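Good morning, and thank you for coming.

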Amino acid sequence: MPKIPTYNTQGRITAEGPGVKTGIQVSPRSTIAAALVPAANELTNYAIKRRNTEEQLIADKSILELKSESDKIIYSQKDNISEEDSINNYKKKFTPLVQEKLLSIKNRRVKQLIESEINIDNSENIYFLKKNSFEALEKNSLTNVNNKITSMLSKYSSVSDTAAGFAIKAKYRNQTENIIKKYATDFNLPDNVLQNHLKAAKANFLIADMNQLVGFINGSEQIQKLDSSLNGNEFLNNSDFGEAIFNAYNNEISDLTIKGDPNADYPRALELIDNLKNFQRSDGYKVDTGVLSVKINTLQEKILVEQLQHESLIRRGQSNKLFFDYSKDLQKALTESIADPYSDPVLQDRIAAAEIESEYNETIKKYLSINSDASLETKKEFARSLVYSLKNIYEDRNIATLESNILNKSSFDIESEYQRVVNDMLLLSEDKLDETTLEQYERLAKINGYTIKGKDEDGNTVSKGDVKSFINEYLPVLQNQFTIITQG
């Protein structure tokens with residue numbers, strides 16, 4: 001039987017498939033699409049950054065608006081002494097504004113940015129609210145303390161220096177010290193600050209005593225003893241003490257030296273200046289030193305000059321009193337010569353007397369304002385001349401009595417009167433007639449029954465003399481009188 005040939009194989013039937021090996025390897029990133037991946041990533045990153053920047057800008061704008069509102073609210077609470085109330089007011093006003101702003105924004109990320117920033121700001125704002133509240137409390141407490149001390153000082157200054165008064169003053173000093181100590185405890189003031197406040201209070205009480213004692217006969221000695229007993233140089237240095245004692249003396253001297261006041265006492269004022277010049281503190285400090293020495297000398301010179309002026313005013317015042325008494329008698333005689341109260345004068349005469357009295361008083365007042373330094377005799381002479389002038393003017397220009405005086409007038413007098421009136425009316429038409437003369441014509445018109453409604457300085461409706469109507473009646477009477485006299 002024939003033998004079948006066999007072959008040996010090198011590989012496995014199913015392990016390797018037929019093919020050709022080339023040894024070439026290809027990268028999966030070497031395609032065109034794969035090359036675009038980095039660029040696409042860059043674009044994506046840029047888009048994200050741009051979106052974040054835009055959203056941050058939008059959020060920052062809203063945050064700035066909200067911060068502006070929060071600052072306003074914080075400022076509105078700067079004087080609120082209640083910390084809790086201040087914070088509650090802030091939240092009550094600011095929270096709705098934040099919520100309203102968030103509702104107006106649709107972007108979730110922008111909302112988160114705003115909320116995050118506002119939460120951080122709120123913590124800071126609460127701090128400032130607390131800080132402001134404490135400062136307001138401290139400020140108001142200090143004001144309250146100062147008001148209490150001022151009240152104590154005012155009461156202290158009004159207490160007399162008697163045995164009972166000394167006890168009351170001691171009570172006021174102790175109360176003031178307790179007020180200051182409580183304030184220092186409430187606000188944790190350092191001990192040196194507390195001591196400074198206590199020294200200032202002691203100084204104020206000593207100065208109050210100075211002002212009270214300086215007017216006494218032995219005031220300077222009493223002040224020296226008080227200052228020494230209190231060890232005043234421990235809380236009031238020489239410079240401040242000197243200024244305080246000068247002010248105390250200066251105030252007392254001012255009260256004594258009111259020019260023209262009959263109660264003024266210039267000799268006592270000069271005596272006080274001498275006391276001030278010689279004032280010496282227990283430690284040897286002299287007030288009449290340096291700048292204060294110049295002030296004291298200036299004050300002395302001022303008082304010496306004012307003393308002469310005062311004496312002149314007193315003499316003038318005495319002269320004025322004599323003149324006013326004399327002037328009043330003349331005025332009374334003048335008005336009674338027109339409307340004698342004992343002869344039952346008619347209404348027209350009473351009106352004329354009242355008008356003359358008013359004009360007399362006004363003229364005297366103006367004269368004295370210009371000639372205050374005139375001698376008594378000169379003033380009396382002016383008053384007599386004024387009485388004579390007024391009496392003649394009103395008698396000459398009174399229409400009711402003009403015809404009865406016709407035989408007592410010369411043609412020259414009447415012609416002069418006529419010409420004077422014509423000239424006055426010409427000046428009045430040109431608005432150049434002086435006010436005093438115009439007032440005289442208005443009074444004459446009113447006396448003779450010629451009136452017109454007008455306004456006074458306050459806008460009230462009053463009855464005034466109708467000068468135009470009066471003159472239209474008065475000039476023909478003068479003409480007629482002149483004709484009668486000239487024709488004999």
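Helices here are DSSP runs of H or I with at least four residues, strands are runs of E with at least two, and both are numbered from the N terminus. What we have is a predicted model, in which local features need pLDDT of at least 70, side-chain atom pairs count only at pLDDT 80 or more, and totals for chains, interfaces and linings use all residues. Residues are numbered from 1 along each chain as its sequence is written, and side-chain values use heavy atoms, with hydrogens and water left out.

Let me begin with two loops. Asn 188 sits in the loop between helix H5 (163-186) and H6. Its phi is near 50°, a positive value in a residue other than glycine. Is Asn 188 buried or exposed? With a relative accessibility of 68%, Asn 188 counts as exposed; the term buried means under 20% relative accessible area, exposed over 50%, and partly exposed in between, using a 1.4 Å probe and protein chains only.

The loop between H7 and helix H8 (238-256) holds Asn 231. Asn 231 is not a glycine either, yet has a positive phi of about 55°. Its relative accessible area is 39%, so Asn 231 is partly exposed.

Next, the helices between these loops. Two packed helices are described by the angle between their axes and the distance between the axes. Helix H6 (residues 191-213) packs against helix H7 (residues 219-229) at about 160°, and their axes are 9 Å apart. Axes are lines fitted to C-alpha atoms, for helices over the stretch in contact, and angles run from 0 to 180 degrees between N-to-C directions. H6 and H7 are therefore roughly antiparallel, a term for angles over 145 degrees; under 35 is roughly parallel, 65 to 115 roughly perpendicular, and the rest oblique.

Which residues meet? From H6 come Leu 206, Asp 209, Met 210 and Leu 213, and from H7 come Gly 219, Gln 222, Ile 223, Leu 226 and Asp 227. Contact means heavy atoms within 4.5 Å.

I turn now to the strands. Strand S1 (residues 451-455) and strand S2 (residues 461-465) run antiparallel and are joined by five bridges; two strands pair if DSSP finds at least two bridges between them. Ile 452 has Lys 464 in S2 as its bridge partner. Five residues lie between the strands of this hairpin, where Gly 459 takes a positive phi near 85°.

Finally, Ser 327 belongs to helix H10 (residues 290-338). At 5% relative accessibility, Ser 327 counts as buried. Leaving aside residues up to four places away in sequence, Ser 327 touches Tyr 360 and Ile 364.
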